[in-house]
Every structure is written in structure tokens, then in C-alpha cells.
Amino acid sequence: MQKRLTRLLSGLATTLAVSMSASFAGYASTVVTNVTGYTLNPQGEMVTFNTLVFDEGKVVQLNPTEMPADATVIDGNNKVLLPGLIDAHGHLLGLGGNLMEVDLRESSSMQQAAQWVADYAMMHADQEWIKGRGWNQELWSDRSFPTAAVLDAKLKNKPVWLTRVDGHAAWVNSKALQMAGINDSTPDPAGGQILRDADGKATGVLIDHAMDLVSAIMPKDSASLYAAQLNAAGEHLHSVGITAMHDAGIGHHVYDFYLARAAQGELPVRVYAMLSATDPLLPEMLDVGIIRSQDDFLHVRSVKAYGDGALGSRGAALIKPYSDAPHQHGLLLTQPEDFPKVVQQVLGAGFQLNFHAIGDKANQLVLDEFERTFELLGGQALRNRIEHAQIIAVEDLPRFAELKVLPSMQPTHATSDMNMAEDRLGKARMEGAYAWKTLLNSGIPMPLGSDFPVELANPFYGLHAAVTRQDRNNQPVAGWYPEQAMSIQQAWRLLYVNNFQCIGCTHFFHFITVS
């Protein structure tokens, strides 16, 4: 089985996206036979099966000794059958929006990215704003941040908004800057930065909270746009075997949209939604209390807070300066004096708090505040989390297990960052960076996800990175800091079991053929 699973993970698999829930509708029992199935038992151990029984859409038995009477039988044709996988950190409508906008993930230069934007704009002349996502200057030959001037040369009369691959920076053209009232003398907002050239002129790149200066004037999303994004995202997630996900930060408009969709039974995947701590209506949403739909497709009992930015844009908050930018320490999106209010408000309402923290300073501040609040109010049993937990001071690594704060991590972040992480951090700080094995050995559970659309949603990319510490091209050959790799069983368990509250009630299975 080990050899076969290795082939499954390293080959990344080809999914046929056969969501079987529709096949079970209207039947008391459905039996799927003639499969090579892999799942986990209640102890988290890998088990195999060749037959399983569904009743009212939920698995009730594996390898039955007797077939249920009058059951509908589906022949699996000897394909590999896996449970629907669970992504512990993604952005559902963000993924849908990404699928509907210009995708710059594969661009090799800012000039090529600008040309793709111009080509997209020509084909979508009806759009008021041209939006896109995915640029990453670290993958371009000069590794320089892009400029408004390059966009202006291609598209100057219509505003352009392009978010960096990590979502923590935006590249805009001069039209967008003008509409937002941003000029060379506009001050940097707290927790944000307007990048400027040597002459002090705004370049067209906005970091973290500086993005708000433009996003505030952009057209507001509508329910019809949400519906289109949800449909696009759901179809894509099913195609790669994901049937449940944790939505990392939703505002009250999306909250209302999800409630309506759940009431109508129209959510394509199960959603464990985190309310956004920055939403002005957070107190009202907390007052409503925990929400769990009757069919388990929507669960609202957590809040996403924001500690710092991302490493690639040098927004991750570090204790010591960046090795490749000695004058920078990163950005705190929530100021330290505001930490107690956020943590106490959420835990006091009985909600789980999931705090975004990438840099070692942000992680340390969040751990410190959790520790103080636990002593003051309790709330340790709420399975609170730090989202990303990428760079951690070595002395803080054991504190996750001590405080029972879960590090929610995304394996492909490590393989995406490996081309620049040492440049940003220096060799010494890498001991506490992307330290999966160290954290697992300390005894703390670790939910795994992808952070789509920051990374691609395909969970097999994450499983491969977790086990091999390699990118999708199997580089580096020996793995990047391979001592921190997980075993296949650990990675599988963390992606499947630890990520959801309703363990054992998976609604969907997918047939998967090994490539």
C-alpha cells in the first residue's frame, strides 16, 4: 500500500470528478463495489476497502458481510476511491473570482503580465474594472516589483487592479491611483505601504492596508457575482477531489449569502466559515451565535483575525530585520494594543479564533495574547489556531502544544517560498520556518490546506509537498529542508481527519485513477 500511495501522491493523480451525492438521492441504501478504497479508521489509521454502503447520503459501513436489501449498486470498475478531501484554509469566492479574472500566475515578467491584462481587457470591454491575480515578482528574471507605468503603456483609460499571488499586495495603473486620490504625498496607512521609487513617487504597488485605499472605491460585489463565483469554485473543487473547506475570512455580505444558500440547500461543498475580525458587523454576527445547517453544509463558529502580511511582499512581521532589506521589519495589520480586544471579544463569545500570523514577531505576539486571555477568560478548549505559522522563533515552537493552539499550515507555501525564503530570513531563522515535523513531534494537531487561490487548490500538490518537501517538478531532488517532511499517513490524516468538526460524516466520495 505504501508503494501505491507514493505513486498516488507523486503522480498527483487524475480525478474524474464523479461527485456521487446525486447518485444516492432518493435511495434508502446505495452500495459501491469493486473499488480499491483508502480511508482512515477512528484511530486515524489507514485502512482499505472494496465495498462501502451509503444510507441517505452518508457512509454507514465498509466491506459489509451482507448486502442491504433493495440497495442500488454502483460498479466502481476497480478504480481507486478516496474520501472527499478537506482544505483547512482557502477562500471560496476568491477562488471563483480568480477563475473568472485574468490569471497572472505563469507570467515570466511584468511586461508579459501587462500584455496578458491588455489582451483580457480587449476581450472583456464591458468590464468597468480590469481585475486579476497571481503575479509574483520573485519568479521574474529581475525580481523587481512591477510599476504602474508598464500597465499604463498597455491600458491607461480603464482602472486596473491586480493582486499579488499571496493577496497581500496590489499592482494598479495610474488611472486607479488617480481615482483613489493617491499621489506622491499620500501617507502610508497604518499596517500598509505605498511603494515609492528613489524620487519618492508612488510606483503603483500597494502593500497590505494600503490596498484599502483603492479597494474602497471599487464597485461592490453583488449577490449575482457571488453566485457565479460560488458555482465556478464549487465545480473546480469537485474536479480535484475537495468536498469541504474552511473559508478563511468572510464579511457580513458573504455571511448573509451563505446563510441563504444553506437554507436553500445550494452550497456545492461543505463550508466551515470564519467571520472576518475586521468586519464592522462582527459583534452582530457573534450575537447570532454558532450556526450549523441541518445538512452539515454550513458551520459558522470561528473568526479570522489578521496579524501581519506575507513574506514575499516583505509584509510578514519579523523580530529582527529582513536579511535582504535591513531597514524593514514587516507590517502588523492588527496593532499590538488591539490584540487583547480582538482575542477577548471572540473567545468571550464562545467562537474559535484563527489568527493569521506568518512572521516570527506576529506568531509570538499572537501566542502571548492567547496565553494571557486563557488565564483571564479561558477558551483554550475552542481549538484556536494560528493560520500559516510559517516563521516561528525556535523558543516559541513548543508553545503551540503547551497552549493547545493549532498551527494551520499549507505545505505548498514552503515549496513556493523556497526560492526566496532564505534571502528574506537568512540561514539561522530557517530552523523555525515551515517546521512541520518539529511541531507534529511536539504533539499538536496540524490542519492542512492550500490557501487557494494563493496556491492551486489541487490537494495532491499539498500532499506531495508535505511528504517530499519538493515542488511539482520534484525539485530539489533531496527535498528542501527534508528533515521537516511528514509521512504519507501523517499528511493524509491531517488533510482528511483533523480539518473538520464532523469527523465521519463525509458526504462525497470521488473516483480517482492513478496517472
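## Helix contacts, loops and cavities

Reader: Which residues of α12 meet α11?

Author: On the α11 side, the residues in contact are Phe 339, Pro 340, Val 343, Gln 344 and Leu 347, where contact means heavy atoms within 4.5 Å. Helices are DSSP runs of H or I with at least four residues, strands are runs of E with at least two, and both are numbered from the N terminus. From α12, the residues that meet them are Leu 365, Val 366, Glu 369, Phe 370, Thr 373, Phe 374, Leu 376 and Leu 377.

Reader: What pLDDT do local features need?

Author: Residues are numbered from 1 along each chain as its sequence is written, and side-chain values use heavy atoms, with hydrogens and water left out. This is a predicted model, in which totals for chains, interfaces and linings use all residues, side-chain atom pairs count only at pLDDT 80 or more, and local features need pLDDT of at least 70.

Reader: How are α11 and α12 placed to each other?

Author: The axes of α11 (residues 339-348) and α12 (residues 360-377) come within 10 Å and cross at roughly 50°. Axes are lines fitted to C-alpha atoms, for helices over the stretch in contact, and angles run from 0 to 180 degrees between N-to-C directions. Angles under 35 degrees count as roughly parallel, over 145 as roughly antiparallel, 65 to 115 as roughly perpendicular and the rest as oblique. The two helices, α11 and α12, are therefore oblique.

Reader: What angle do α3 and α8 form?

Author: Helix α3 (residues 92-99) is roughly perpendicular to α8. The axes of α3 and α8 are 7 Å apart, and the packing angle is about 90°.

Reader: How many residues of the contact of α3 with α8 are nonpolar?

Author: Ala, Val, Leu, Ile, Met, Phe, Trp, Tyr, Cys and Pro count as nonpolar, Asp, Glu, Lys and Arg as charged, and the others, Gly among them, as polar. The α3 side includes Leu 92 and Gly 96, and the α8 side includes Tyr 226 and Gln 229. By class, the contact has no charged residues, four polar ones, and a nonpolar count of nine.

Reader: How far apart are the axes of α8 and α9?

Author: Helix α8 (residues 223-239) and helix α9 (residues 252-263) pack at about 65°, which makes α8 roughly perpendicular to α9. Among the residues that meet are Tyr 226 in α8 and Phe 257 in α9. The distance between the axes of α8 and α9 is 11 Å.

Reader: In which loop is Pro 453?

Author: The peptide bond from Phe 452 to Pro 453 is cis, with omega near 5°. Pro 453 lies in the loop between α16 (436-441) and α17.

Reader: What is the phi of Arg 143?

Author: Arg 143 is in the loop between β11 (130-135) and α5 (148-152). Although Arg 143 is not a glycine, its phi is positive, at about 55°.

Reader: Which helix gives the most to the lining of the largest cavity?

Author: A cavity is a set of points, on a 1 Å grid over the protein atoms alone, where a 1.4 Å probe fits but cannot get out; lining residues have an atom within 4 Å of a point. Grid points are joined across faces, edges and corners, and a volume is the space filled by probe spheres set on the points. Of the four cavities of 30 Å³ or more, the largest holds about 70 Å³, and its lining includes Asp 87 and Leu 495. With three residues (the helix spans 459-468), the most is given by α17.

Methods
1 Å grid on protein atoms, 1.4 Å probe; cavity = no way out; pocket = protein on both sides within 12 Å on 5 of 7 lines; lining within 4 Å.
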